[in-house]
Structure formats: structure tokens, C-alpha cells
Amino acid sequence: MKGVTLLAGVLTALMSSQAFSSSDGVCGFSDSECGMSALPYLQPGNDTRANLMLLQSRLHSMSLPLPHPLPDQTRSRIDPFTAYRVMGIAATEGVPTSDSEEDVTADAPYLSTLNKAKQLNLPLAIQGTISTFSPDDNEGRHISNELSTLEAFFDVLLADKQLTEEQRTVLAHQRVNLLNPLYTKEALNEGLISLPDEGHAGALMQYLFAALAFYQGHFDEAESGFQALTSSPQPWVAETSRYMLIRVAINKAMENALDEYNMFDASKADKAAAQLAVQQIGDYLKQYPDGHYIESANGLYRRAYWIMDDVNALATTYQHELDNTTDVEALLELSDEIDNKLLENRQFTSAPESAPLTMVQDLKRLRSDEGWLALPALSVDELAAQKPLFEQGNMQDAFSYLQAAQLFYGQKDYAAVVNSVPATQAKDLTDTVLFSQQVLRGRALVRLERWDEAEAHWRQLLTRNMGYTQNQFLQLALAETLVKAGHPERVFTADSPVKNLRFRSAVLKVSANADLLRQQTGPQQTHEERAIALHTLLTKSLTHGDYTSYLKDVQLRKDIAPLVSSENQSWNQEDLTAFDWDGSDTEEDYQCPALNDVVTTLNQRPNDARSINCLGEFFLRTNNSVGFDWGEGSMLSGLTNAPTQFVGTEYNRLDGYMRVIADPKAPPEDKTYALYRAVNCYAPSGYNDCGPQDISKATRKAWFTQLKTKYKGSVWADKLDYYW
């Protein structure tokens, strides 16, 4: 039996109560749609945990498993660069089970504990307490007072041959009573009155009194109780009591440092108690080098150093843990703790024997933000002084990368980056540092607008062996380079290495001209890409007033079926059925024909007021546009903000209303509707939701006044009560 389960949750509780959100992102690694930056190379913009995972996996030759099955990148727009996917967290989650399997798993702790309760002859009422026990509300030191702890105690009772059956039952009964946070010392004393003060039964009885004092927050009493038991003849009591002295000291150290929201104030911590905890951890490890609580005791070193605000000791301890962590799931958990407890501390910049942690913090210090939480910027001289640290850790290549990163992010000397990072001839780019160096070289070439060299660099890298997300990033880098260089068509050549639909879609929507869009509707493309290209082509033809092309290209819909959204893939932005608009949902008192009739009229008479208004109705009612979801807009800015090659001036529906308002030949019914709609573009917020124009409030008032005076009594004048 491993006693490590006893009170193991205390550390977890203390950690979680202080697990402040990283300033790097707003969601955790377990969020499958988290927008947190996690590009597959070491860079300041990454969440610090992502950089730590990438670096540690490289140092330990640890594979970061990818979620499976991988999406078909030619037909899916799933973001490959969320922390969830880059770090492969899906692969650490359990495989879904059937309902019956889930029930068995959920009931397993109760069944195991209940089985032992029966062996201990506990009354049915007490067994019922176990069956209905819920630890959901347990916090702080109470979080360990749960079924695994109870079962560990049952195991001790069942294994102790010096106890009588009656003694086992009494001790088990009272341990169950301790699950109740309101249980009193008086009640416990009454329940244990039949037990002797000596022998194993007496030792276990005294242990329960000390445990109750601990849970009730009477730490001095708990300390004296556990101290007296460290020489107990009952082996489990002796070891557990010595271990619990550490817990008591940790809790005493934090007793006055947590506010009502469990926020930690280091200035109010009892650092002497934390120092005592360090001493007691050493005592425990010396006394029990193979003890039940080795892992937890070592973990409490970190807690004590954190309370003491000893960043050097904390960093050294964390680095030791990192050096001995080769499991992905354990590394994820540890990286969360390190981020919260060390990397968020502005006092930590570097520490002896901690080159990997120093590197992660150095990258964070190269960020461009200057907010009050920002760490001090990393200077050239300070980085140079770290060279021996990286040499000691056999991380010379990582230090060379940091020097290049300082040139790129700190000094913005892109030519120096290119000169200091030669193009690699290596055939394998899976090494994180090597890959990061080559990415930095390519990005520097882009900043220098050496387009041909940058394009050749990305293409060469894409021929090498690398990981999935590394390949995806290089595809994105090449696509961004091509659109910035004015060659979006190269993204779509037959031999193009840019296969990911997420990137190709963004290029089609922003950079492509009509001919390129038309080309990508061809049968040689995937159905998804054809639909995206056609939707973009038709929408832009309407917004650019190319009605002839629209009427011709809309015929392509016969060969391209609308895309169907699913739980994991949304095509709402590319809804081809929008072009089936029949005008029936136009506001009452204003009639519009179907979209094709509207466009046909505009193709013949571009100034037809009714048709201009009705085209506006189409966009208003369908919300049709060439747009992006939040993730695309924020994570693909290099593509979504690229220059466009689509010919002509883009119009929106407010432009159309203003044309009708200014047209002296527009019929009153159409002009009044245009005035009504133009004013409503600013309702109710006062901001334009019809287009990018900034129309003055005076102009909007003039439209309102014109409608209310010149067209007084019209249906639209009567319906409009305000201007915004």
C-alpha cells in the first residue's frame, strides 16, 4: 500500500488556489479551440508554457503526440497552431468509453472503499455515509479529506496484525466521521474512548486526534500531536506524522497570506514557517529515503521556496524536476505550475544550473509589450553574461538562437540576423532549436523584403523532414511571403507546397483577383476550395459592381454544391445558398424581387434606385460577406491584412443608400426607404454597421430631418423616431 495518497490533495489544492491565469493567454491547454499562440518554434509571442514544452521535449528527445485523426489539411480549416494541437494534448486524454464503462469507472472509488468498509465490519449507516460522500466543496487543507485518504487508512487497519477486530472497526468508524468538516474533538474522544492509550491502537487513535486538529486549522495542536508520534511503534503512523509536520508548517506559513478569494500575498506569509518546512522535508527524506511520500515531499520543496520568494532555489528545484520529467502529461502539469509560480515572477530572470528556464524567460523578455506586468527587456550585455550558463548546460546552439532572437526582436537588425544564421543543409528539421533558427532567418528576409530569397528559403525548408505542425507553419510562412510579394497565384500552382485549406482560403478571400478565383472553382480543386472561391467571386462581383461577371459566374453553382457545416467545421461564412435570396424577407411595405432579377436590372440600369436598395436588402437580410471567424482574423493577420488584386472599387450598402439619396430622379418611395435605412445604419449604437464610412452626426440628422419634413407622412418617415 502506498500512503502517498494521504493528504496528497493538499499540495494540489494549494497549487490550484494560486494557479492564476498566465498573462500570456486567456485559456488553458485543454481547450480544444483555444486561441492561445503556440507556433511550433521558440518565439516571444508563444505562451511561456508552449516554449517550455517545445524546449523540454527537444532536450529529452520526447515526442509531443499529435491529436488523431489528423484533419485532411486540403479540406479542413482547423487551426493547427492552437496550444491544444501543437502540444498534442488530445493524445493524453482518455479514449471515450461506453456508458456502462463510464459508470464502472465513476463508481470504482466508492466500490473499493465500500468493500474494505465491509471487511472492517462498519455499520450500514456508516457505509451509506461513504456512498453519498462528495468532496466537491473541499478546499485548501480539506481537499485531501476524501475517499482515497480514507481507503489508505482502511488499508493500514486491515494490514496491522496487532489490532483486534473491534479496534479496527472503532478506528475505521471514527475516520469516516472525520469526513464531516463539522465533526468535533469531543465527539471523536467519545467515539474512541474504548481504545487503549498504548500500542498500535493507541498510536492510530492519537493520529486521528492530530489529523482532526489539522483539518480544523489548529496547527499548533496538530504540530505537537504529530511530533509526539514520529517515534511511534506503528510504522505508518511514525512516517505519516513526520510527513504531516511538513504540511502543518506549509499551512502555518500561508495561514495569514490568503485572502477571502484565496489570493496569495507574499508579504503576509510566515517565511520562518516555510523555512521550517524546508528543514522538515529534509528530515523526512533522510529518515525515509524510500518512503511513501517521496514525490509529494519533494513537491513541497517548491511550495516552501515559493512562499519564501526564493526564486533561485525555486528555479533550481524546478529545473531538477524538469530534468527528470520525461512524460508528456507530467510535463504539461509541471509547466503550468512553473508558469504560475516562477515565470510570472518579475524577480526571476536567471538562476544557476537553469539554462532552459532562463531561455524561456529570456524569450518572454523579448516581447514588445511594455505593460506594467512586462519583465525588464533583455539587453545585449545581459544576454552575453548568460553564455557560461548555457555552456554549462550544453546548450550552445540554444544560446546562439537567443542571440539571433535578440537581434530580431530586440534590435530589429534583420540584416544581422540573416548574416548570423546561415541556411541549413540539414535534411532533418525536427530539432526545435534548429527549426527555430531557420524560421528566424526566413522572417528576417521577409522583413528586409528580399522576397525571392525568402520564397526560396521556405520552399527549401519544406523539402526536409520535419513534424506535422512545423510543416504547417512553413506553409503559412510561404503563403504570407507570396501575397506580400504580390504573387498570390503562386500559392495555387500545381506544385505548390501550400496545401492547407485554412491558408489557401485566406489568400482567396483577400489577395486573389477574379481570374484566380474563377480558376480555383475548377473541377481539379477540392469541393471545399471550389465553394470558397465561388462564394468569394460572387460576393466580390456584387460589392464591386461587376454585375455582368456575376450573372455569368453564378452559373457555376450548378456544378458546386453548398458546403454543409458540422460540429467541427463551420462553413457559415461561405454559404452559397445566400445567393438564392428571393426578396420575400424584405421589410414590410417595401418589395424586392429575387437577387438574380435585381442584378439583371442593375446590369442594364446601374442607377436603378429600387435595385440599388434591394441589393442592400440582400446583404442586410443574408449577412453575406467575405469574412473570417475570430480565429482566422486574429491568427492569420499576415494573410487577412494582405493587399488585394481584385479590380475595382468596393461598395457597401450605405454607399448604395447614399447614391439613391443623392439621385434627383429616384422615386420618393425608394428615396425615403434609402433615407430610413441610411439612418438605421447607425442604430442603436451610433456606430456604422453598414460599412467603414464615418458619417457625421450632422449629416445623419440632416437625413432624418429630410425624411421627417420633405417626406412627412410617408411610411418610412412615420417608422423612424430617432437618429443616432
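Buried means a relative accessible area under 20%, exposed means over 50%, and partly exposed lies in between (1.4 Å probe, protein chains only). This is a predicted model, where local features need pLDDT of at least 70, side-chain atom pairs count only at pLDDT 80 or more, and totals for chains, interfaces and linings use all residues. Residues are numbered from 1 along each chain as its sequence is written, and side-chain values use heavy atoms, with hydrogens and water left out.

Q: Is Asn121 buried, partly exposed or exposed?
A: Asn121 lies in the loop between α4 (99-119) and α5 (124-132). Helices here are DSSP runs (H or I, at least four residues), numbered from the N terminus. Asn121 has a positive phi of about 60°, although it is not a glycine. Its relative accessible area is 47%, so Asn121 is partly exposed.

Q: Is Glu353 buried, partly exposed or exposed?
A: Glu353 sits in the loop between α15 and α16. Its phi is positive, near 55°, and the residue is not a glycine. With a relative accessible area of 55%, Glu353 is therefore exposed.

Q: Which residue has its backbone oxygen 2.8 Å from a polar atom of the Thr240 side chain?
A: Thr240 is in helix α11 (residues 235-254). Thr240 is buried, with a relative accessible area of 0%. The backbone oxygen 2.8 Å from a polar atom of its side chain belongs to Trp236.

Q: How many salt bridges does a search of the whole structure find?
A: Side chains of opposite charge can pair when their charged atoms come close. A salt bridge is a side-chain nitrogen of Lys or Arg within 4 Å of a carboxyl oxygen of Asp or Glu. Searching the whole structure gives a count of 36.

Q: How many residues apart are Arg365 and Glu382?
A: Their side chains meet in a salt bridge (2.6 Å, N to O). The pair links distant parts of the chain: Arg365 is in helix α16 (residues 355-365), Glu382 is in helix α17 (residues 380-385), and the separation is 17 residues.

Q: How far apart in sequence are the parts tied together by Arg490 and Glu455?
A: The two side chains form a salt bridge (2.8 Å, N to O). Arg490 lies in the loop between α23 (468-484) and α24 (501-510), while Glu455 lies in helix α22 (residues 451-461), so the pair ties together parts separated by 35 residues.

Q: Where do Arg621 and Glu617 both lie?
A: Their side chains meet in a salt bridge (2.9 Å, N to O). Glu617 is buried at 0% relative accessibility, whereas Arg621 is partly exposed at 28%. The two are four residues apart, about one turn of the helix, and both lie in helix α29 (residues 609-622).

Q: Which residues are linked with Glu617 and Arg621 in a network of salt bridges?
A: The Arg621 and Glu617 side chains meet in a salt bridge. The network of salt bridges also takes in Glu587, Asp589, Arg677 and Lys719.

Q: What is the C-alpha separation of Asp336 and Thr48?
A: Asp336 is in helix α15. Asp336 is partly exposed, with a relative accessible area of 30%. Along the chain, Asp336 and Thr48 are 288 residues apart, yet their C-alpha atoms are separated by 9.3 Å.

Note on methods
A polar contact is a pair of N or O atoms within 3.5 Å; within protein, one must be able to donate a hydrogen and the other to accept it, and residues adjacent in sequence count only if both atoms are side-chain atoms.
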